[in-house]
Amino acid sequence: MNDDSSRHPPGELRLVQQLVNSVDLEGVRDELSSPEALAEWLREHELAEPGETFGHEDLARALSFREALRGLLLANNEGDLDPAALAVLNAAARGAELVVALDDRGRARLEPESGGIDRVFGHLLGVVAQAQAEGTWNRLKACPWHTCHWAFYDHSRNRSRTWCAMSVCGNRAKAQAYRRRQG
């Protein structure tokens, strides 16, 4: 996989990418391996207050939320939209008690009224909604290679990028197709 570190998504959409990529499915490295690791990750990404703690249930919900977001990103890359992912994200939105709030310039945005992990989910879902409104959401995709699913931002002019990196997953797919054709 390739984190495409030289070309990130615009604005806070990068937070969604970073959350999805907080686990390396091929390397089995997970930055969210404990409630303490979750709290630290959220603080580092300015999604939690200093000293804010999270429990095992929060961790389980965060992992489920992360994978539901990955499901949306796979759908952005011509995959099927998983109804279970939608259910997780809709439940998170309800738990966050999202409301429309106006900033000091009168611009509307979604804000969570809940606290804790629900506030985090609400903030990230607000980022998704804003990206959809701005037209940048569909460019955030997950690699379709079955062991990768790394989130990347498609900067191509025609929005046609499929793989996290052509040199890695793209070549894997081409080699697999070649082997199939050879019989």
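Helix 1 is mostly covered, with 6 of its 8 residues buried (under 20% relative accessible area, 1.4 Å probe, protein chains only). This is a predicted model, in which local features need pLDDT of at least 70, side-chain atom pairs count only at pLDDT 80 or more, and totals for chains, interfaces and linings use all residues. Residues are numbered from 1 along each chain as its sequence is written, and side-chain values use heavy atoms, without hydrogens and water.

Colour Leu 13, Leu 15, Val 16, Gln 17, Leu 19 and Val 20, the buried residues of helix 1. Then show what covers them: strand 1 (23-24), helix 2 (35-44), helix 3 (56-76), helix 5 (116-134), strand 5 (140-142) and strand 6 (151-153) are included.

Next, keep helix 3 and helix 5. They pack at an angle of about 10°, with axes 10 Å apart (axes are lines fitted to C-alpha atoms over the stretch in contact, and angles run from 0 to 180 degrees between N-to-C directions). Helix 3 and helix 5 are therefore roughly parallel (an angle under 35 degrees).

Show side chains at this contact (heavy atoms within 4.5 Å). Asp 58, Arg 61, Ala 62, Phe 65 and Leu 69 of helix 3 meet Ile 117, Asp 118, Phe 121, Leu 124, Leu 125 and Val 128 of helix 5.

Finally, zoom out. The protein has 6 helices and 6 strands, and buried residues make up 43% of its 183 residues.

Conventions
Buried means under 20% relative accessible area, exposed over 50%, partly exposed in between (1.4 Å probe, protein chains only). Helices (H or I, at least four residues) and strands (E, at least two) are DSSP runs, numbered from the N terminus. Angles under 35 degrees count as roughly parallel, over 145 as roughly antiparallel, 65 to 115 as roughly perpendicular and the rest as oblique.
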